[in-house]
Amino acid sequence: AEHLSFVDSKSHAYVRSSTGEITFADENFAREIMQLFTTGLVMLKQDGTPQRDAQGNNIPVYSNEDIQSFARAWTGFRRHGSRGNIEGDSATCTSCNRQDPMFIDEDRRDRFPKSDLQGGYIGDRYPLCEDLPPKMFLRKGAKYRFLGSSPLPELMEDNAQFETDLTIKRMILQQG
């Protein structure tokens with residue numbers, strides 16, 4: 001994330017309330033994602049050739065308003081500091097946190113809906129968590145293991161000691 005301009009990008013509302021300035025979210029990252037990694041610049045037919053309008057011009061996939069909307073989706077990301085017990089030499093790299101390099105600062109995050117390319121909004125057609133049945137994440141037959149503070153591969157299978165050691169607390173989920 002060292003070269004991505006969305007890091008430390010702030011929402012308009014945050015900047016306006018903290019400094020009084022009128023600003024816009026950094027559009028560079030949103031534009032790069034659209035051009036290079038997702039849709040490209042022009043609409044394509046099934047065979048990969050460009051779609052053209054009645055005048056023979058290529059039909060663009062998105063407008064600058066779309067980029068502005070997508071840029072707002074990348075606001076609020078900030079860097080975590082390095083952690084001495086995990087990271088490398090802090091003398092040569094002061095922000096080399098590779099475990100959890102970023103977090104979302106909710107104060108700097110743009111909270112308003114972001115339009116998509118089909119005339120709706122990003123996230124439309126997906127249910128809200130509050131609309132899902134209670135305990136939806138608990139599936140019948142699922143196995144849950146407490147892995148401790150570090151999910152190392154050697155902890156993915158139960159140790160044979162777990163079967164005989166009665167001091168280990170166990171939790172059994174009821175079916176249904």
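Predicted model: local features only at pLDDT ≥ 70, side-chain atom pairs only at ≥ 80, totals over all residues.
Is phenylalanine 29 buried or exposed, and what is its relative accessible area? Phenylalanine 29 is buried, at 10%, where buried means under 20% relative accessible area, exposed over 50% and partly exposed in between, with a 1.4 Å probe and protein chains only.

Residues are numbered from 1 along each chain as its sequence is written, and side-chain values use heavy atoms, with hydrogens and water left out.

Now to the rings. The structure holds 2 aromatic pairs, a pair being rings of Phe, Tyr and Trp (its six-membered ring) with centres within 6.5 Å, called stacked if the planes are under 30 degrees apart, edge-to-face if over 60 and tilted for the rest. Phenylalanine 29 and tryptophan 74 have ring centres 4.7 Å apart and planes at 85°, so this pair is edge-to-face. Because phenylalanine 29 lies in helix α2 (residues 28-37) and tryptophan 74 in the loop between α3 (64-73) and β1 (77-79), the pair ties together parts that are 45 residues apart in sequence; helices (H or I, at least four residues) and strands (E, at least two) are DSSP runs, numbered from the N terminus.

Tryptophan 74 itself is partly exposed, at 28% relative accessibility. Tryptophan 74 also pairs with phenylalanine 77, in a tilted arrangement with 5.9 Å from centre to centre and 35° between the planes, and phenylalanine 77 is buried at 16%.
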